[in-house]
Amino acid sequence: MADFNLIMPKMGESIMEATILRWLKKPGDMVELDETILEIATDKVDSEIPSPVAGKLEKILFEEDAVVPVGQTIAVISTEAKVGSPGGNGKASPPAQEVPKPAAPVPTPAVVEAPKASPVAPKVDSVPYVPSASTSHAVAVVSNSGGRFYSPLVRNIASSEGIAQAELDQVPGTGQGGRVTKSDILSYLSHRGSTQPQVQAPAAPAATTVSKPAPVVEQAPVSKPVSVSQDGNIEIIEMDRMRKMIAEHMVRSKHTSPHVTSMVEADVTEMVLWRNRVKGDFLKKYGEKITFTPIFIEAIVKAIRDFPMINVSVDGDNILLKKNINIGMAAALPSGNLIVPVIHNADGYNLMGLSKKVNDLAARARANKLKPEEIQDGTFTLTNVGTFGNVMGTPIIFQPQAAIMAAGAIRKKPGVVETEFGDLIAIRHYMFLSLSYDHRVVDGSLGGSFLKKVSDYLEAFDPDREI
């Protein structure tokens, strides 16, 4: 029977883990090829994971709500499910093989331990062995020195597993003279739990070496009293899963990249007037609304072609220059969280294509219907803080990218206009553009020049452009 290990898929270049939301199958269920087997979530998107093979779900290794690293095996699928029932008899052989394996070293401790019986036995005197009528071989050992001999290895295993001396004395031995061997105590441990509840004073210190993880578990409730409002004037709201992950990624980005932010103010009057004039005809002709976002993306793509070293990421001491121009666009969700769908190969779209892509991704992002591949492999990100009425921002880089640009609100302001008749004061449309970049690989000269180039393209927008 062939087993297939289902692993946690990689949901994006910067995604290192995902949370299991729900298993749609349980162990023993049949699974078809490409049938959805579970739902997972990252800080960016919830996704359904199809089965890459057909067969029977044998084992689930992580329960719901578990956070699992990318590449970790999460389930085992048998690809020959019909052979499963006769194969059940075959499964009895592995346990049978496990018994001889530990038994192989038995002769070695038996030979080594015999000379040590005299000096070690006195240590057992404090807890004398009580012979049992059903274990005649044990009586012979007791009559030898008044106590049962145990090798240091057996004692270490018993100590680490929290086995008290009285309990250890009851473990049947198959070694020389009824001695307890490594295989004996391991076999006993595999069946332990349905027997004795011994309460022995010496057991407490022995168990403390193993129950060290227990205090770690008890630490969780300790933090709860901190989140208590004493006077009732504070509402305590627990972060949802996405907000927790976003918080972790933002902190990691700040720790990874030394952020520098440059800003320019652009006169986008011609762009605004053109869009206001054609938006009705654009909707009638293409069935799509035209916003400022695709125009910004078009300018960014042109600037990246002029300054390709802005389209990079860092891998140790290496700079990875990306040939594809994949523009991420930060979109706000109804929950208040953000998601960054990606327009892959954005340089291959005209303005109409960009408008259609932007509208489609934004709508499906708000409806939580994005596909995993639509939020990964971005090389540069745009966030439009002007949507919230903000004039500028200092965005945090979306790892592992090297830069992110924020577009501020467009506002009417008096400005100086140069004409052939002299300078004039006129009402113009201005906006701030801000670029945060990774100073490890993007210096101020490159970052500032790139941002100015984006501004130049927006200011030089052709007011007579055809749609």
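Predicted model: local features only at pLDDT ≥ 70, side-chain atom pairs only at ≥ 80, totals over all residues.
A residue counts as buried when its relative accessible area is under 20%.

**Strand 4 and its partners**
- Strand 4 pairs with strand 2 (residues 17-23) in the antiparallel sense, over four bridges.
- One spot to look at in that pairing is Arg 22, whose bridge partner in strand 4 is Glu 39.
- Strand 4 also pairs with strand 5 (residues 46-50), again antiparallel, this time over five bridges.
- Here Thr 36 has Pro 50 of strand 5 as its bridge partner.
- As background, strands of a sheet pair through backbone hydrogen bonds, either parallel or antiparallel.

- Four strands make up an open sheet with antiparallel pairing, and their order is 1-8-6-3.
- Strand 1 (3-7) and strand 3 (30-31) are the edges: each has a single partner strand, so one side of each has no neighbour in the sheet.
- Strand 3 is joined to strand 6 (residues 55-60) by two bridges in the antiparallel sense.
- If you want a landmark there, find Val 31, which stands opposite Gly 55 in strand 6.

**Helix 15**
- The N-terminal end is capped by Asn 350, which places a side-chain oxygen 3.3 Å from the backbone nitrogen of Met 352.
- The buried residues of the helix are Leu 351, Gly 353, Leu 354, Ser 355, Val 358, Leu 361, Ala 362, Arg 364 and Ala 365. Note that Arg 364 is on that list.
- Among the elements covering those buried residues are helix 13 (269-286), helix 14 (292-306) and strand 12 (327-329). Strand 13 (331-332), strand 14 (338-339) and strand 15 (342-343) are part of the cover too.
- After the helix comes Asn 368, with a positive phi near 60°.

**Aromatic rings and charges**
- The structure has four aromatic pairs. One of them is Phe 282 with Tyr 286, a tilted pair at 4.8 Å centre to centre and 55° between the planes.
- Those two residues are four apart in helix 13, so about one helical turn separates them.
- Phe 282 is buried at 2% relative accessible area, while Tyr 286 is partly exposed at 28%.
- Phe 292 and Phe 296 form another pair, this one stacked, with 6.3 Å centre to centre and 20° between the planes.
- They too are four residues apart, here in helix 14, so the separation is about one helical turn. Phe 296 is buried, with a relative accessible area of 2%.
- Phe 292 has a charge over its ring as well: the charged end of Arg 275 sits 5.0 Å from the ring centre.
- Elsewhere, Lys 453 puts its charged end over the ring of Tyr 457, 5.8 Å from the centre.

- Thr 383 belongs to strand 16 (residues 380-383). With 14% relative accessibility, which is under the 20% limit, Thr 383 counts as buried.
- Setting aside neighbours within four places in sequence, Thr 383 contacts Ala 330, Pro 395, Ile 404, Met 405, Ala 406 and Ala 407.
- The loop between strand 16 and strand 17 (403-407) holds Pro 400. The peptide bond joining Gln 399 and Pro 400 is cis, with omega about 5°.

- Most residues other than glycine have a negative phi, and most peptide bonds are trans.
- Asp 65 is not a glycine, yet has a positive phi of about 80°. You'll find Asp 65 in the loop between strand 6 and strand 7 (67-69), and at 61% relative accessibility this residue is exposed.
- Asn 345 is another non-glycine residue with a positive phi, near 50°. Asn 345 lies in the loop between strand 15 and helix 15 and is partly exposed, at 37% relative accessible area.

Notes:
Residues numbered from 1 in each chain as written. Heavy atoms only, no water. Buried < 20%, exposed > 50% of the residue type's maximum accessible area, 1.4 Å probe, protein only. Contact = heavy atoms within 4.5 Å. Polar contact = N/O pair within 3.5 Å; in protein donor to acceptor, adjacent residues only side chain to side chain. Phe/Tyr/Trp six-rings, centres within 6.5 Å; stacked < 30°, edge-to-face > 60°. Lys NZ or Arg CZ within 6 Å of the ring centre and 35° of its normal. Pairing = 2+ DSSP bridges.
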